[in-house]
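Please open the model in your viewer and keep the selection tool at hand. The tour moves from one selection to the next and states what is found at each stop.

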Amino acid sequence: MAKGLETRLAEHQERNAADSIALLAANRSGETTSLDWDSAVRMLAERNYGLVQGRLRIEQLRKTRDEQWKTWLPRVAAYTSLQTSLAQLGDLSFSDLNTSIIAPLTIPNPLTERARAFQNALSYLEAQDSYQLTYRRQVSTLYRLFSQYESTLAQAAESDLSGDTVPSINVALGQLETRASQRDSLRSIQSSLAQMLNMPGHNFVPVSSSRPRLAYERKFRSFVPGKNYAQLAMRLGAYQLEGALLREKGIKLNRFPSFSLSGSTPPVYDSRRDDTYLDTERIFLFGGLSKSYDFTGREADTIESAEQNTAFVRDALRQRLDQETREWIRLQNRYEQLLVRRRLVEERLDVVRKTKSGGSAATELESLRTARENLRALRQGQESLDLELWVWDESQWN
């Protein structure tokens, strides 16, 4: 047993090593593939592991919801038995075998089946919205990678054009280090893209100009959380509360008498009987009510615990809504302040471009470079805020 396991592990190790060598060779070959935004989003939806698993979970829950009635169908079972003595084992024949087929009927309890149907529907809706949130965040991450690639390329181009004609040794070494760091950043972005798209060994070059441009400078002021903004978050919170209430109701139902209904299941076919069809006279129905009484106090404690859990979930949601409301106000203020700073920097950059200070060319160049870097940082900060708004902007995903 142990040797067989060691053999299989060795085979897996050899196969993984071969795959690793092949991927290493593919990456070192330097072959690249252009990747536009629409293709990237399509590949993300089709190949990303998290999204694929999310769709499988949704499909499983959909089947559970739609096919609940199949649990009531009879499940045919066949039985074969042999009754003979040891002395007669040598004279066995088919007549010594008793074969019967049974198809028991399931009589559903309307209360429990309705609760199951409600729970299945709730789980299905929650899975759909959880998948939608995961998809939005993955697309947002993909957008950020496209933007980072474009920004790194722009910085590399500026560093190539802004150097001195004959740089000193320290400046030249600094430029080499900067270029090496930029190349590492580009490779890291390509690695992240290959991982997100589940395309190992591929070196993608994002076509950054193909991605949509986010602009919430005017629109974000009209957002109202729960109406045209963050409706998905509100629904996810409602699922938690509804699930807690459903568990509480299920526990409280145990206090009432439980109703049971069953029936005997005679064979549909019996090889030792002359009548080989179902005999309805042999079907008997049994029904009754049962109620257990708890004198230890555990039932009351369980109900109290369920009520406390529901209250906890409700309070936790209320606190989270308060926190998200405050965060939304802070986000609006951050956006307003960023727009003001961006306008000031743009005005400063325009002044630096048009005005000759009379100083050295190096000083003017340094002022221009500083203004550009400040503007780039502010634009990156604005894009980060735009991505936060984009994830929860219902009009962009419906």
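Begin by selecting helix 5, residues 169–196, and within this helix find Gln190. The model is a predicted one. Is Gln190 buried or exposed? Its relative accessibility is 12%, and because buried means under 20%, Gln190 counts as buried. Now display its surroundings: apart from neighbours within four places in sequence, Gln190 is in contact with Thr32, Tyr149, His202, Asn203, Phe204 and Val205.

Next, select Trp37, Leu142, Tyr216, Leu389 and Trp390. These residues have the most contacts inside the largest nonpolar core, which has 43 residues. Helix 2 (37–47), helix 3, helix 4 (110–161), helix 5, helix 7 (298–354) and helix 8 (361–392) each give two or more residues to this core. Which helix provides the largest share? Helix 4 does, with ten residues. In soluble globular proteins, nonpolar side chains tend to be buried together.

Centre the view on Trp37. Beyond its neighbours within four places in sequence, Trp37 touches Val139, Leu142, Tyr143, Phe146, Ser210, Arg211, Pro212 and Trp390. Then select Leu122, Leu232, Tyr239 and Val391, which are included in a second, separate core of six residues.

With a relative accessibility of 34%, Trp72 counts as partly exposed.

How values were computed:
Residues are numbered from 1 along each chain as its sequence is written. This is a predicted model: local features need pLDDT of at least 70, side-chain atom pairs count only at pLDDT 80 or more; totals for chains, interfaces and linings use all residues. Side-chain values use heavy atoms; hydrogens and water are left out. Buried means under 20% relative accessible area, exposed over 50%, partly exposed in between (1.4 Å probe, protein chains only). Helices (H or I, at least four residues) and strands (E, at least two) are DSSP runs, numbered from the N terminus. Contact means heavy atoms within 4.5 Å. A nonpolar core is a set of buried Ala, Val, Leu, Ile, Met, Phe, Trp, Tyr and Cys residues joined through side-chain atoms within 4.5 Å.
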